[in-house]
Amino acid sequence: MPLALRHAEIRIQAEHVWLDAFLGFAPDVRGLVLCAVPHLARLKGARETRVCKVLEEAGFGTLLLSLLTPYEDTRDPDVRYDISLISQRLQAVTAWIEHQPVMGDMPLGIVASSTIAAGAIRLASQEPERFTALVSKAGRIDLAGASPLRQVSTPSLVLIPGNEPDLRHATSAAYSLLGGEKRLILVEGASEDFIEPGSLETAAQAACEWLGEHMPTASDLAPLTAEESAPFCE
């Protein structure tokens, strides 16, 4: 039986900026998956919500998040390559999650796209317990740096679109350095944005299976008290 998830558009503070997010959550989900992208002009109804839907149908809560503000996306194109900044913002968002009722006690996974994947690798290398599992979806993990890649112990899935030879080459080299349990999947016929028919669903299903293998099932979680079942804070 599908979970009755509450969906809400929210904003999360990361130092001096506010980040747009779209949350799908219920107290009885098996865990929370952070789906992080550089920027989406409109989160609700975006193509990335199809990835969230696959995860939600598998019992996960989801938090679709833009790591850049609209101003940064339009006026400062280089900021998406500031991996230190991206890592800091991911840290701020995960700290926010940890302080939410119910949500903060759940296992946390991440599906990171583009340069956000490099920030996720950096954060995972510094704080191994931060994520239960990590998925790079057409991510620039090569931008994380050799040392952070080697230090990662979080189980990591790397999805590469088959129609992007430059990305494939850079990612394959970085993948050889990646520490911990890992898997690489080439999504044949897909471009970086997975706009080809069925390609986004293929990537979403692979991510869902990886997260399902490495995040506890609902039966593994302790029963919630009435106080713990309180709604999340916005």
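1. The model is predicted: local features need pLDDT of at least 70 and side-chain atom pairs pLDDT 80 or more, whereas totals for chains, interfaces and linings use all residues. Residues are numbered from 1 along each chain as its sequence is written, and side-chain values use heavy atoms, with hydrogens and water left out.

2. L167, T171, A174 and Y175 are the buried residues of α6 (buried: under 20% relative accessible area; exposed: over 50%; partly exposed in between; 1.4 Å probe, protein chains only). They cover an arc of only 105° around the axis, which puts them on the same side of α6; the arc is that of the directions from the helix axis to the C-beta atoms. The face turned away from this buried side carries the exposed residues P165, D166, H169 and S176.

3. The buried residues of α6 pack against α5 (146-151), β7 (156-161) and β8 (182-187). Over the ring of Y175 sits the charged end of K182, 4.6 Å from the ring centre (criterion: NZ of Lys or CZ of Arg within 6 Å of the centre and within 35 degrees of the ring normal).

4. T115, in the loop between β5 (108-113) and α4 (116-126), is buried, with a relative accessible area of 1%.

Notes. Helix = DSSP H or I, 4+ residues; strand = E, 2+ residues; numbered from the N terminus. Contact = heavy atoms within 4.5 Å.
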